[in-house]
Amino acid sequence: MSAEAIQSRRDWLLSERPASRMQARLGRAYVAWRRFSANRLAFLGLLIIIALLVVAALADVLAPYSPTFGDLKGSRLLAPSAEHWFGTDDLGRDILSRVIFGSRWTLYVVILVAVIAAPIGLLVGTVAGYAGGWIDAILMRITDIFLAFPKLILALAFVAALGPGIENAVLAIAITSWPPYARIARAETLTVRNSDYIKAVQLMGASPFRIVLRHIMPLCISSLIVRVTLDMAGIILTAAGLGFLGLGAQPPLPEWGAMIASGRRFVLDQWWVAGAPGFAILIVSLGFNLLGDGLRDALDPRSGDQ
Amino acid sequence: MSRDPTSTLLEVDDLRVTFPTRTGRIEAVRGVSFSLGRERLGIVGESGSGKSQTGRAIMGLTPPQAEVTARKLAFDGIDLLAASPRDRRALRGKRIAMILQDPKYSLDPVMSIGRQIVETLRTHERVSQAEARDRALAMLEAVQIRDPARVFDLHPHEVSGGMGQRAMIAMMLIAGPEMMIADEPTSALDVTVQLDVLGILDRLVSERGMGLIFISHDLRLVSSFCDRVIVMYAGKVVEQLAASELGRAQHPYTRGLLNCMPKIGADRHPLPVLDRKPEWAA
Amino acid sequence: MTAALSVDRLEVVFDRFRALKGVSLEVQSGESFGLVGESGSGKSTLLRAIAGLAPVASGSITVSGKKLGARRDKAFYREVQMVFQDPYGSLHPRQTVDRLLQEPLAIHGFADGEKRIQRALDEVGLGTGFRFRYSHQLSGGQRQRVAIARALILEPSILLLDEPTSALDASVQAEVLNLLEEIRRRRKLTFLMVSHDLAIITHMCERLMVMQSGEAVEHLTAADLVERRVTRDYTRNLLRASEGFVRTA
């Protein structure tokens, strides 16, 4: 594309007089993108997350060995080498392949938790904040009860009740992670519910349901996205923690937390067994955190709608 | 301190304030020049005219990313642009004071009004706590607060808007400044309270021989209060005239501004509107 | 002539604070009625109580002969609409003008939305160039025009105006006042307008009520004010204050 064409496209996006709904929306997204991409660290975070997605999608192609079957005879606990970049574990499995396949499970956990917990928190928080009165009191006391327990302990209790396994771990983490989202959504709702623009919608005869769904929720979503992204690291760590305690993913699933748990026994002599998945968790958590920080700056309505 | 009524307190020559933004440089003030003696000078303009930025630049309160230049910006012979940040801080409050629109935002919410006034005085003068208190009480009385001892101990949120603005004036005048910049000091107040506050301001300014820059959007109020009026549009001065001569304003913008306000008794339907000409901003 | 709007001994209480103390008024159909007073006089509260945004403790409100209950039905909102004081706060920050105008149509199930939005924008002098802008891309005057278009799009017969120009520059204020007058003439609307500025109220309204701390001080016609035929000191003070600062040497 020539420089002129790029320039005209940019002008079209930044137009003060958009000619269609689409152009207005794209223009807004473009402004947010420019603000986001100006932040180098956030961009790095985004690259890490994209890399994670690519690795997870192409795990079959990228992994040099099978993640579940190893050569028990000749390749147990080998140190990192040209053949096995991250070494092998006690069952002779290639750790690089397991880390690569483990990215799928990490993504699975993170996405499922976000998809379950964020909408629950958003709904509870906005309804409580908008309705006020006894509805607010009840919903927020329930939230408080969940918040009163340490997350991992509560998740442990749920998994113990539901039985070990990665699906139950996801469920347990989701159940324990919505309360902060409800808090954020409620706080945000309280700041906007008495504003004139919400009053104006009330004056059009809109139902409370419509006001919450179409006018209040969109305002809460950006701070929620930021918070969820920042929480991703915590979710990964909780999942890893449950895996580590043997209550999350079960062998032979190549889940990073469970991998660390099984590598614990050799951590002094064969450090790479626990070290490689640990490093993967570190990088991905860092990526989500950087991305979250960048999103906060790009999406936060207070950071200026110009 | 000389209080010669004819001396020039402030000289502003070709003042420019520029804000760098992502889409280019925005010139908020574009070459404003005027001088101030011990008089009441009104600066009038609509939003975006640069009137507030002019006041802030003189006070040294321009946001750090903005650029302030001037051929001359001197207060009582002191070059303000060349002065060190420390010297400017010393000038602020001691010799130049500023009142802002809403006292709620300018007063410290967690400190009692009296203590704020005492602190202000003690940062600029070495006086004993007892003397500072006496002077603060006297100042509160001077701004016509009926029960100064009670108000002294109140916090800003416990007083009305008019009372808060009086406390603000007391705080600003306690160190005996020679020049005061008032940026929309009464716009947040009810009309009747507005006149009380203006009356207090007027009396203090003339009694103490201060120079006053009164920044406002309200041309009629300014002309009834000030000696001289500067009309700003798009960062420039379009007209400078004596307040009493306002009826004979030359510039179409000034005349348009005067005309477009509804008046009691003038039956004009529709109201004349301002036809903005691009050459006014040129 | 029937009263388009009548308020009878209305009381509004917020947490034990009596914001309105038995205020009554009657606005004829097609009339423009003004409420004047300083902050805390209850003038905006009266407007909000009529709109259903303030808790009514006692008294009644009647619109076009129909007495209003505690809950307003959809038909009420097609009859009565409101323009708020602060154009920066009354438009949703994440919605385009188009979306803002579509919302009332969607709520009330209008089919000819496209045409109505076009017409509303034309009527307030904005044209289609503004249709897909977000509110932060508009000036104060343009925002207030959008707010007026939003209020008009349901074709109400009564418009409640809460200091619609007090946040605007003087020159923009004149444009918006002219627009409101023109719309009233064209659509034969009834106005109930709140302002702290006597000059604006006398310019816009035929009759007015002066209010102070939740009570009606006096009822006047615009002509009374012009000829200074006022009986109460409070009104006299307001009149004097509206003439600007007078130096008492």
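Two residues are in contact if their C-beta atoms, placed from the backbone, lie within 7 Å. The model is predicted: local features need pLDDT of at least 70, side-chain atom pairs count only at pLDDT 80 or more, and totals for chains, interfaces and linings use all residues. Residues are numbered from 1 along each chain as its sequence is written, with chains lettered from A and ligands numbered from 1 in the order in which they are written.

**View 1. The contact between chain C and chain B.** On the chain C side 26 residues take part, against 27 residues of chain B. At least two residues each come from α6 (170-187), α7 (198-204), α8 (222-226) and α9 (233-241) of chain C; helices (H or I, at least four residues) and strands (E, at least two) are DSSP runs, numbered from the N terminus. With seven residues, α6(C) gives the most to this side. By class, the side of chain C that touches chain B has 12 nonpolar, nine polar and five charged residues. Here Ala, Val, Leu, Ile, Met, Phe, Trp, Tyr, Cys and Pro count as nonpolar, Asp, Glu, Lys and Arg as charged, and the others, Gly among them, as polar.

**View 2. The contact between chain A and chain C.** Chain A contributes 25 residues and chain C 27 residues. On the side of chain A that touches chain C, α2 (21-37), α9 (196-202) and α10 (208-244) of chain A each supply at least two residues. The largest share, five residues, is that of α9(A). This side of chain A divides into 12 nonpolar, six polar and seven charged residues.

**View 3. The three chains together.** Two pairs of chains touch, and chains B and C have the most contacts of these. Chain A and chain B are joined by no contact, and their closest C-alpha atoms lie 10 Å apart.

**View 4. Helices α4 and α7 of chain B.** The axes of α4 (residues 113-124) and α7 (residues 161-173) of chain B come within 8 Å and cross at roughly 20 degrees. Axes are lines fitted to C-alpha atoms, for helices over the stretch in contact, and angles run from 0 to 180 degrees between N-to-C directions. α4(B) and α7(B) are therefore roughly parallel (angle under 35 degrees). Residues B:I113, B:Q116, B:I117 and B:T120 of α4(B) meet B:A167, B:A170 and B:M171 of α7(B). This contact has five nonpolar, two polar and no charged residues.

Technical notes. Angles under 35 degrees count as roughly parallel, over 145 as roughly antiparallel, 65 to 115 as roughly perpendicular and the rest as oblique.
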